[in-house]
Amino acid sequence: MNGVGRRAGWRGCVLWLLLVGCGAGEGAAEPWMLSSPGSSDDGGTPGGGASTDGVADASDDAVLETGDGPVSDDDGDDSGGTDDGGVSDQWCVYMVTSAGDSDRLDVHTQPDATTMVVDTLETGESVWGGPTVVDGFRDLDHDMDLPRWAEAARLQNTGECVSIDDIPPAEVALPQGFQLPFDCGQPWRLDTWGHAPALDMVREPDQVGTNGATLRAPAAGVVNQSYYHDNAGNMVQIDHGDGWFTTFIHMQSRSVEVGDVLAQGDPIGAVGATGPTSNGHPHLHFELGMDADGDGQTTWGFEGAERVNPWFDGVEYGQSNAETWRDVVSNNCP
Ligand SMILES: [Zn+2]
């Protein structure tokens, strides 16, 4: 796929008893946390954390939606002979042409050369472009997530055109390319409680539907751990390559085995309340791991483990304890 789809990436157990009065007091802290120095569970004061709205996606959609009549471009030019004029959902592969004085083509957030540059393409590079041209800039945002516009005159249609629904997903560098491990469109609540950067997740609103919710791979990868852990219950870890791992615990069930190859969105099991440290409260405990020591896996579940701030849909979470993000919608979409 010759660079098509390339794009720049810019894109914390559990004190549920405090919410529901379940379980016994300090039993809320995960034993492995208690065994770690300085990890006394300081209590994720429910509702006490500043609710930083982690949902940063809504604002981006406006661009394509404005689609005020896609400006049918002229493709009657010499390039490939395709005529996508008038076909509103046709997207084509464009080749970046030289401008004489520059081999680089900036990609902006708006159809305006003065707006932020989010990527730079080089002459000869291929990129998906849409039918919409505004003020001389072509819409390159086929994911409808991040607005991307580039000077249309520098983009030559190669004649390879498809419906937008048939465009292969863009390759986004990890960890920015991870998606929430839930069904497309589902809103979830993310909390760090006392164990940032690990996150505990329950479904919105009011946690209804958390237990048994389908868990999906946040990115493509290979299952490298899948077993029942005495404290954590059913757990799965996925190796996503380049040192990135995701870890899921307290699962109700596991539907994958070590060695299974997963595409983003493939089901791996269901959310549950297994393992004593779940306190019997259904939720997903999630960790993003970075293999710092290069042993081909990441440690998890305790302070000091090889875990880092999780990213979902280009947004970073898990920065500190007692933080809450409400109604974070899964963009783990087919
Ligand atoms: Zn947890």
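Modeller: Leu-190 stands opposite Met-201 in β10. On its other pairing, Leu-190 stands opposite Trp-325 in β21. Please bear in mind that this is a predicted model.

Colleague: What makes strand β9 mostly covered?

Modeller: A residue is buried if 20 or more other C-beta atoms lie within 10 Å of its own. In β9, residues 187-191, four of the five residues are buried. For the protein as a whole, 44% of the 334 residues count as buried.

Colleague: Why is the set that includes Trp-188 and Leu-190 called a nonpolar core?

Modeller: Such a core consists of buried residues of kinds including Leu, Met, Val, Phe and Trp, joined through C-beta atoms within 7 Å. The largest one has 35 residues, and those with the most contacts inside it are Trp-188, Leu-190, Met-201, Val-236, Phe-248 and Met-251. Among the strands that each supply at least two of its residues are β9, β10, β14 (244-254) and β21. The largest share, five residues, comes from β14. A second, separate core of 18 residues includes Val-93, Leu-105, Leu-121 and Leu-140.

Colleague: What makes β4 and β8 edge strands?

Modeller: Three strands form an open sheet in the order β4-β1-β8, with antiparallel pairing. β4 (126-129) and β8 (155-163) each have a single partner strand, so one side of each is left without a neighbour in the sheet. Neighbouring strands here are turned by 30 degrees against each other on average, direction ignored.

Colleague: How do you know that β1 is paired with β8?

Modeller: Six bridges join β1, residues 90-96, to β8; at least two are required, so the two strands pair. Within that pairing, the partner of Trp-91 is Val-162 in β8.

Colleague: Where is the pLDDT below 50?

Modeller: The mean pLDDT of the protein is 77, and 72% of its residues reach 70 or more. Over residues 1-87, however, the pLDDT is below 50, although this stretch has 176 contacts in the model beyond near neighbours in sequence.

Definitions and conventions
Residues numbered from 1 in each chain as written. Predicted model: local features only at pLDDT ≥ 70, side-chain atom pairs only at ≥ 80, totals over all residues. Axes fitted to C-alpha atoms, helices over the stretch in contact; angles between N-to-C directions. Buried ≥ 20, exposed ≤ 12 C-beta atoms within 10 Å, placed from the backbone. pLDDT = per-residue confidence, 0-100. Contact = placed C-beta atoms within 7 Å.
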